[in-house]
Number of protein chains: 2
Amino acid sequence: MSSTIDKSAIETILQHIAQAHADKDAAKLAALYKPATRLFDLAPPLSRTGMNVGDISAWFDTWEGPINLEYQDVNTELSGNLAITTALLHMSGKKKEGEEVDLWFRATTCLKQYNGRWLIIHEHTSVPFYMDGSERAALDLQPE
Amino acid sequence: MSSTIDKSAIETILQHIAQAHADKDAAKLAALYKPATRLFDLAPPLSRTGMNVGDISAWFDTWEGPINLEYQDVNTELSGNLAITTALLHMSGKKKEGEEVDLWFRATTCLKQYNGRWLIIHEHTSVPFYMDGSERAALDLQPE
């Protein structure tokens, strides 16, 4: 029962991530993360520490309208005060300079419960790369 | 105390991953993973199910000598029968066609304890990509 409630709480956080992108609300997004959490992001560097509201805002501002984020194949594991969620994500929308974004990527999200509240303690988002010598990021993949 | 023992058990698994690469022992590597586990790998597709000994062997065979894998900045979170490890990894060695590999990437490894034994239930390895329109994978990064 407790596990069902916790899984539901964690799925709600994923919905909040998507909603914060739709609303381009950087403060709302950052509040879902533990401060100084370790992030392995789509963009360099290899590793970042903490969500910076200013940086998120600046990135949100490069989009024309809402950023659509859809979760697919969500899989959650829970034990004690720790949770792991894996999912495939579809990001779509229009950048201000005109580019139409239609990108599938993978996300691993680790959460920890503090006084009954789940916070993201680690997030790893990425696309694979083609090992054909081209050094191209695989931005054109879809779920199989 | 139990937590210290478990953290040590998990660090031992990371050492086994590195050793299996050094020895190019595909069966030893695959045995560290739960069958049918979800993998977000450096290479496409977006998501794979399970470690295939034949596929790993074929990849190991593309290397001239040992594959060196070093872990840096390892961070482990543990609760109940679930563990999450994040790390930066340095892979180096020589491919049979002559290329010298010297690559830093990130790894998120999720483990679960079954009857006292920790198995990898999810692994996410990646490099970021340059969001400069070049669509290049960031294969030249180093820890900051």
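**Note on a two-chain predicted model**

1. In strand β6(A), A:H124 is the bridge partner of A:T108. The model is a predicted one. Strands of a sheet pair through backbone hydrogen bonds, either parallel or antiparallel.

2. The sheet of chain A is open and has 6 strands, in the order β2-β1-β6-β5-β4-β3, with mixed pairing. At its edges are β2 (48-49) and β3 (68-79) of chain A, each of which pairs on one side only.

3. Chain A as a whole contains 3 helices and 6 strands. Read from the N terminus, its elements follow the pattern α-α-β-β-α-β-β-β-β. The radius of gyration of chain A is 16 Å, close to the 15 Å that the globule rule gives for 144 residues, so chain A is as compact as a globular protein of that length.

4. Along the principal axes, its C-alpha atoms fill a box of roughly 45 × 35 × 25 Å. Of its 144 residues, 30% count as buried. Among the contacts between residues at least 6 apart in sequence, 50% join residues at least 24 apart.

5. Chain B also deserves a look at its strands. Its open sheet has 6 strands in the order β2-β1-β6-β5-β4-β3, and the pairing is mixed. The edge strands here are β2 (48-49) and β3 of chain B, each pairing on one side only. Antiparallel strands β5(B) and β6(B) are joined by 9 bridges. B:K112 stands opposite B:L119, a residue of β6(B).

6. How many residues does each chain bring to the contact? Chain B gives 40 residues and chain A gives 40 residues. On the side of chain B that touches chain A, the elements giving two or more residues are β1 (33-40), β3 (68-79), β4 (82-94), β5 (100-114) and β6 (117-126) of chain B. Of these, β5(B) gives the most, with 5 residues. By class, this side of chain B has 22 nonpolar, 10 polar and 8 charged residues.

7. The last point is how the two copies are related. Chain B superposes on chain A by a rotation of 180° with 0.0 Å of shift along its axis, at an RMSD of 0.0 Å. This is the relation of a two-fold axis. Both copies use the same surface, since 100% of the contact residues of chain B recur in chain A.

Definitions and conventions: Residues are numbered from 1 along each chain as its sequence is written. Chains are lettered from A and ligands numbered from 1 in the order in which they are written. This is a predicted model: local features need pLDDT of at least 70, side-chain atom pairs count only at pLDDT 80 or more; totals for chains, interfaces and linings use all residues. Two residues are in contact if their C-beta atoms, placed from the backbone, lie within 7 Å. Helices (H or I, at least four residues) and strands (E, at least two) are DSSP runs, numbered from the N terminus. Ala, Val, Leu, Ile, Met, Phe, Trp, Tyr, Cys and Pro count as nonpolar, Asp, Glu, Lys and Arg as charged, and the others, Gly among them, as polar. Copies are superposed by least squares on the C-alpha atoms of residues with pLDDT of at least 70 in both. Two strands pair if DSSP finds at least two bridges between them. The radius of gyration is taken over C-alpha atoms; the globule rule is 2.2 Å times the number of residues to the power 0.38. A residue is buried if 20 or more other C-beta atoms lie within 10 Å of its own, exposed if 12 or fewer, and partly exposed in between; C-beta atoms are placed from the backbone.
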